[in-house]
Amino acid sequence: MDYIQPYLMLSSILFSMGIYAVITRKNAVAILMGIELILNACNINFVTFNRFGNFATLDGHVFTMFVIVLAAAEAAVALAIIINLFKNIGTVDVDQAKEMKG
Amino acid sequence: MPIPDLGILLFLGLCGLIVGSAFMVVTSPNLVHSAVSLLFTFFGIAAIYIYLYADFIAATQVVVYVGGILVLIIFGVMLTNKIENATITSKTHNQIPGALFSGILLLLQFYAIFNTKWLVNDNPEKSSTVMDIGELLLGKYLLPFEVVSILLLSALIGAAMLSRKKVD
Amino acid sequence: MYNDYIPVVVFTALAIGLLAAPLVIQHLVSPRHNKRNDKLMSYECGEVPEGSAWVKFNVRFYIIALVFIIFDVEVVFLFPWAAVYQSFIAQGQGLLVLFEMLMFVIILTVGFAYVWVKGDLDWVKMQLKYAHGRYSKLGVDKK
C-alpha cells in the first residue's frame with residue numbers, strides 16, 4: 001500500500017471511535033479502552049508521516065515508542081485508581097463518582 | 001479484470017478487521033467482549049506497522065499492548081465487577097450527541113485528508129529499524145529516555161500503593 | 001519487502017484454520033437434539049459443579065501484572081540499546097553508553113525493591129491465627 005490516504009483514514013476512524021467510546025460509555029474501564037484506541041490512532045499517524053514524509057531519521061518511531069510507554073504507565077495508574085474507586089463506592093460507573101461535587 | 005495485488009487485499013482485510021473489532025470495542029454491551037475485541041484491534045494495528053516499514057514498532061505493539069496493557073485491562077474488568085452471571089454489562093448514555101460529535105469529527109478529518117496536497121516521497125525501506133532507533137535513543141533522545149525510567153518508577157510505586165490492600 | 005512476513009501470515013492462517021476446524025467438525029457431527037440441563041453442565045470429574053466459574057480475582061494478581069508491564073516496557077528499551085552497543089564500543093563510547101543504560105535499569109530496580117520490601121510479592125501475606133503447623137517455616141505468623 002503506497003498511498004498515504006488509507007493510513008490516515010484508518011487512524012481517523014479509530015480516533016473517532018475512541019472519542020465516541022469516551023463520550024458514551026459509563027464504565028470507567030470502557031472509557032480507558034476508548035483512550036487506548038485514540039493513542040493507537042496517533043501512533044499510526046506518527047509512523048505514517050515518518051514513512052511518507054521527508055525524514056532521513058526515524059524520529060517518528062521513537063516518538064511512537066514513548067507514546068506506547070506512556071500508554072502503559074497511564075493504563076497501570078488508571079486501573080489502580082479504578083480499582084480503588086470500586087473499593088470505595090462499589091461501582092465503576094463514572095456518574096456515581098460525585099462525592100467531591102459541591 | 002486485473003488481479004489485485006495480494007498485499008493490497010491483505011491490507012484491506014486488515015483494515016476491515018481493525019475497524020470491525022474497534023466497533024465491537026466501543027459498542028458491545030458486554031465488557032469482556034470489548035476487551036477481547038481490543039486484542040484483534042491491537043494485532044491488526046501491529047500488522048499495519050509492518051506495512052509502514054516499522055518492524056520494531058510492530059514488535060513493541062505486540063509485546064507491550066497485547067502482552068501487557070490488554071492483560072491489565074482484562075484484570076481491571078475482572079476486578080471491578082460484582083460477577084454473578086457471565087454478562088458484565090456496561091451502560092451507555094448520550095449515544096446521539098456522541099455519534100453526532102464523533103461523526104462530524106470524522107467528516108472534518110476526511111475533508112482534511114482528501115483536500116490536502118500531500119508531499120509524498122516514499123522513503124525506501126530500511127532492512128532493520130532497530131539500529132536507527134537505538135542510535136536516536138542514546139543520542140538525540142537521551143534525556144527523554146532517562147526520564148521515562150523515572151516516569152515508570154513513579155507509575156509502579158503509585159499504582160502499587162493505590163492497589164494494595166489496606167492492612168488494618 | 002513484505003516477503004519476510006509471509007511465514008507470519010501462513011502461521012496465522014494455519015492457527016486460525018486448525019482452531020476453527022474442530023469447532024466446525026463438532027458442530028456438524030454432534031447430535032443437535034437433547035441439549036438440555038445435564039448435557040450443558042461443565043464436566044467436573046463426576047461432581048456437581050458449584051457456583052460460577054467467573055470469580056472475582058484477588059487484587060494481588062493486579063500488582064503482579066503491574067510489575068510485569070513495567071519490566072516489559074524496560075525490555076522494549078533494552079533491545080535497541082543492545083543492538084547498537086557494539087557500534088558504540090567501536091567508537092570508544094562503550095562505558096558511557098553502558099552507564100546510561102545502568103542508570104535506566106537501576107532507577108527501575110528501585111521500584112522493584114520498593115514493591116518487594118513492602119511485601120506485595122509475598123503470596124502468603126495474611127496473619128494466620130493457627131499458622132504454627134504447616135506454614136510455620138514461612139515465618140508468616142511472626143510480626
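Me: Why does Val105(C) count as partly exposed?

Reply: Happy to walk through that one. This is a predicted model, and in it Val105(C) has 14 C-beta neighbours inside 10 Å. Buried would take 20 or more, and exposed would take 12 or fewer.

Me: How do you know which elements form the side of chain B that touches chain A?

Reply: By looking at who supplies the contacts. Chain B brings 69 residues into contact with 59 residues of chain A. At least two residues of that side come from each of α1 (6-27), α2 (31-51), α3 (55-79), α4 (95-115), α5 (130-138) and α6 (142-163) of chain B. The largest share, 12 residues, is from α3(B). By class, this side of chain B has 47 nonpolar, 19 polar and 3 charged residues.

Me: What classes make up the side of chain C that touches chain B?

Reply: Here 36 residues of chain C are in contact with 37 residues of chain B. Elements giving two or more residues to this side of chain C are α3 (59-90) and α4 (94-117), and α3(C) has the largest share with 18 residues. The classes come to 30 nonpolar, 2 polar and 4 charged residues.

Me: How do you know that the largest nonpolar core lies between domain 1 and domain 2 of chain B?

Reply: The core has 98 residues. Those with the most contacts inside it are Val29(A), Ala72(A), Ala76(A), Ile69(B), Ile73(B) and Leu66(C). Helix α3 (residues 59-89) of chain A gives the largest share of the core, 14 residues. Both domain 1 (1-84) and domain 2 (127-168) of chain B give residues to this core, so the core lies between them. The C-alpha centres of these two domains of chain B lie 24 Å apart.

Me: Which residues does Ile69(B) touch, not counting those up to four places away in sequence?

Reply: Chain A supplies Glu36(A), Ala71(A), Ala72(A) and Ala75(A). From chain B there is Val64(B), and from chain C there is Ile69(C).

Me: Which residues of α5(B) are buried?

Reply: They are Asp132(B), Ile133(B), Gly134(B), Leu136(B), Leu137(B) and Leu138(B). The cut-off for buried is 20 or more other C-beta atoms within 10 Å, so each of these residues reaches that number. As for partners, the buried residues of α5(B) pack against α3 of chain A, α3 and α6 of chain B, and α3 and α4 of chain C.

Me: How do you know how the radius of gyration of chain A sits beside that of a compact globule?

Reply: A compact globule of 102 residues would have a radius near 13 Å, but chain A has 17 Å. The value for chain A is thus above the one for the globule. Along its principal axes, the C-alpha trace of chain A spans about 50 × 25 × 25 Å. Chain A has 3 helices and 0 strands, and buried residues make up 56% of its 102 residues.

Me: How many helices and strands does the secondary structure of chain B come to?

Reply: Chain B has 6 helices and 0 strands. Of its 168 residues, 37% are buried. Among contacts in chain B with a separation of 6 or more, 53% join residues 24 or more positions apart.

Me: What are the ipTM and pTM scores of the model?

Reply: The model scores ipTM 0.90 and pTM 0.85. For chain C, the mean pLDDT is 80, and 78% of its residues reach 70 or more. Where pLDDT is low, the predicted coordinates should not be read in detail.

Definitions and conventions:
Residues are numbered from 1 along each chain as its sequence is written. Chains are lettered from A and ligands numbered from 1 in the order in which they are written. This is a predicted model: local features need pLDDT of at least 70, side-chain atom pairs count only at pLDDT 80 or more; totals for chains, interfaces and linings use all residues. Two residues are in contact if their C-beta atoms, placed from the backbone, lie within 7 Å. Helices (H or I, at least four residues) and strands (E, at least two) are DSSP runs, numbered from the N terminus. Ala, Val, Leu, Ile, Met, Phe, Trp, Tyr, Cys and Pro count as nonpolar, Asp, Glu, Lys and Arg as charged, and the others, Gly among them, as polar. Domain bounds come from an automatic or database domain assignment. A nonpolar core is a set of buried Ala, Val, Leu, Ile, Met, Phe, Trp, Tyr and Cys residues joined through C-beta atoms within 7 Å. The radius of gyration is taken over C-alpha atoms; the globule rule is 2.2 Å times the number of residues to the power 0.38. pLDDT is the predictor's confidence in each residue, from 0 to 100.
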